[in-house]
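Here are some friendly notes for a first look at this structure. Please keep the sequence and the view side by side as you read.

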Amino acid sequence: MLTINPTDLKPAEIQNYLQYAIAPRPICFASTIDKNGNVNLSPFSFFNLFSTNPPVCIFSPSRRIRNNTTKHTLENILEVPECVINIVNYNMVQQTSLASTEYPKGVNEFIKAGFTELKSELVKPPRVAESPVQLECTVRQVISLGETPGAGNLILADIKLIHIREEILDENGKIDQEKIDLVARLGGDWYCRVTKDNLFKVVKPITTLGIGVDALPFSIRNSKILTGNHLGQLANVEVLPDRLSVETYSDQHPEIKVLLEDTANDAIKREERLHQQASTLLDQGLVNEAWMVLLAGSNLQ
Ligand SMILES: Cc1cc2nc3c(=O)[nH]c(=O)nc-3n(C[C@H](O)[C@H](O)[C@H](O)COP(=O)(O)O)c2cc1C
């Protein structure tokens, strides 16, 4: 294992390791204005949602590593403490990157990158018309993390108005995770796109109290076939199925009976095949069925 003390590295090297590891990061495309009304538009991936009531986002225009100067976005916010955070989708990603060009102060990146200004309702900076979600924000606080190259400046932005393009909504009026077509920033020049193929669900253990991996039977916990993800799924149940339901399940699934007969004299083989079947079921999200299979061939209940 490579172990690094950040104080032993140059700022650009620290940035490289951390941006590859702390990824993907959502992109805040921030529009701001200076006290003379000049508009600025820049992307920031040091960005996230930190509170929903009140709704607060934070993003961070860092000091430039190259020459330790501050970003126009920060300077504008110190003059006019407002911004619009525009969410970036795949169709916008190349122009968004173009907007990160170090144009001189006062240059409007809406124009340079070819985006359309849309008047905001509550704040002075305009919205990006092409963005699927536009958040009008007032700035609650700016926290400087230092004066050295690479030091961040946390902009705590109170979300005052949320605009959502209707074409990304589902039939219930909620944002459809596939339709919004988000992109995110990773290390170096890498980005990723949230597509149907790479979306999956993990059941939230909010109302349930899973038994926990420590409570799994030894042979399951130490399985050579079941992965950490499988153990996480199995341990998220509150109680194991009782013997009667396992027997009923086995009666309804003759292939389990066949498996048990085939491996009657080989306990290791039996466990291996049961774990293989369970892993296939778990990969399909069928946790209860996986438990039935695992318990069918054992005295674990
Ligand atoms: C996708 C993307 C994400 C970025 N994230 C950040 C960031 O989180 N912090 C930062 O200081 N610069 C970030 N940059 C670089 C800034 O966008 C760039 O320095 C920009 O020119 C700053 O503009 P400004 O001086 O007009 O505010 C990012 C660039 C891109 C393309």
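The points below go from the overall layout to single residues.

1. Before you start: this is a predicted model, in which local features need pLDDT of at least 70, side-chain atom pairs count only at pLDDT 80 or more, and totals for chains, interfaces and linings use all residues. Residues are numbered from 1 along each chain as its sequence is written.

2. Begin with the domains, whose bounds come from an automatic or database domain assignment. Domain 1 covers 6–198 and domain 2 covers 213–296. Their C-alpha centres lie 47 Å apart.

3. Next, look for an open sheet of 7 strands with antiparallel pairing, in the order S3-S2-S6-S9-S10-S5-S4. S3 and strand S4 (47–52) are at the edges; each has a single partner strand, so one side of each has no neighbour in the sheet. From one strand to the next, the twist averages 30°. Strands here are DSSP runs of E with at least two residues, helices are runs of H or I with at least four, and both are numbered from the N terminus. Two strands pair if DSSP finds at least two bridges between them.

4. Within that sheet, strand S9 (residues 133–144) and strand S10 (residues 153–164) run antiparallel and are joined by 11 bridges. To find your place there, look at leucine 135, which stands opposite isoleucine 162 in S10.

5. A second open sheet has 3 strands in the order S1-S11-S12, again with antiparallel pairing. Its edge strands, S1 (25–26) and S12 (191–193), each pair on one side only. Strand S11 (residues 183–185) pairs with S12 over 3 bridges, and alanine 184 has cysteine 192 in S12 as its bridge partner.

6. Which residues are closest to the ligand? They are Ser42, Phe46, His72, Thr73 and Ser100, in a shell of 17 residues (a residue belongs if its C-beta atom, placed from the backbone, lies within 6 Å). Strand S3 (39–44) and helix H2 (72–79) are the elements that give two or more residues to this shell, and S3 has the largest share, with 4 residues.

7. Finally, is glycine 106 buried or exposed? Glycine 106 counts as exposed because it has 11 C-beta neighbours inside 10 Å; the cut-off for exposed is 12 or fewer, for buried 20 or more, and partly exposed lies in between, with C-beta atoms placed from the backbone. You will find glycine 106 in the loop between helix H3 (93–98) and helix H4 (109–113).

Notes
Axes fitted to C-alpha atoms, helices over the stretch in contact; angles between N-to-C directions.
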